[in-house]
Amino acid sequence: MAQQTYAGSDRPTYVDDRGGGWITFAGVMILIVAILNIIDGIAAISKSSFFVGGAKYIVSDLKTWGWIVLIVGVVELFVAFGIWAGNQLARWTGIVVVSLNVIAQLMFIPAYPFWALAIFTLDILVLYGLAAYGGRPSLG
């Protein structure tokens, strides 16, 4: 808890700032995941050799999933800056985009299993931070 004194008042007012770290964490992680998705998407579009060869996908092929992950990464990049600015629309957009990225990473598992599961795990933590603590109004 942080102690703040407001003008015209001698009594300090305590502000509950729990969860502020989760919002900062979510903003940083969504930026990192966005950059990783952009790199991953470009690599998949260019048919880089570090992906699993001959993988079978539920829907479409590696190049299509590369485009999907690239587009999601670019949107996440903009959302990260909105989250840092404290924009509630960016927070809700972040929840939607990260949820879509969770699904995309699960569909991307045949291409690079451990990488996709690592991004999936980061996305779940970001979702928790945005959903559990993102809506707290700031006093002051």
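Here are some questions and answers about the predicted model shown above. Residues are numbered from 1 along each chain as its sequence is written, and side-chain values use heavy atoms, without hydrogens or water. Local features need pLDDT of at least 70 and side-chain atom pairs count only at pLDDT 80 or more, while totals for chains, interfaces and linings use all residues.

Reader: Is Asp-40 buried or exposed?
Author: First, find Asp-40 in helix α1; helices here are DSSP runs (H or I, at least four residues), numbered from the N terminus. Buried means under 20% relative accessible area, exposed over 50%, and partly exposed in between (1.4 Å probe, protein chains only). Asp-40 has 3% relative accessibility, so Asp-40 is buried.

Reader: Which side chain makes a polar contact with the side chain of Asp-40?
Author: Start with what Asp-40 touches, skipping residues up to four places away in sequence: Phe-51, Val-69, Phe-108 and Trp-115. Touching is a contact, meaning heavy atoms within 4.5 Å. A polar contact is a pair of N or O atoms within 3.5 Å (within protein, one must be able to donate a hydrogen and the other to accept it, and residues adjacent in sequence count only if both atoms are side-chain atoms). At 3.4 Å, the partner is the side chain of Trp-115.

Reader: How far apart are the end C-alpha atoms of α1?
Author: The expected span of a helix is 1.5 Å times one less than its number of residues. The 26 residues of α1 should therefore span 38 Å, and that agrees with the distance in the model, 37 Å.

Reader: Which residues make the nonpolar surface patch of about 360 Å²?
Author: Patch residues have over 30% relative accessible area and no salt bridge, with nonpolar side chains (Val, Leu, Ile, Met, Phe, Trp, Tyr) joined within 5 Å and like charges within 9 Å. A salt bridge is a side-chain nitrogen of Lys or Arg within 4 Å of a carboxyl oxygen of Asp or Glu. Helices α1 (20-45) and α2 (62-84) each supply at least two of the residues. The patch is made by Val-28, Ile-32, Phe-81 and Trp-84.

Reader: What is the relative accessible area of Leu-89?
Author: Look in helix α3 (residues 88-107) for Leu-89. Leu-89 counts as exposed because its relative accessible area is 63%.

Reader: Which helices are included in what covers the buried residues of α4?
Author: Helix α4 covers residues 113-133. Its buried residues include Ala-116, Ile-119 and Tyr-133. Their cover includes α1, α2 and α3.

Notes
Accessible areas come from the Shrake-Rupley method with a 1.4 Å probe; for residues, only the protein chains shown count as cover.
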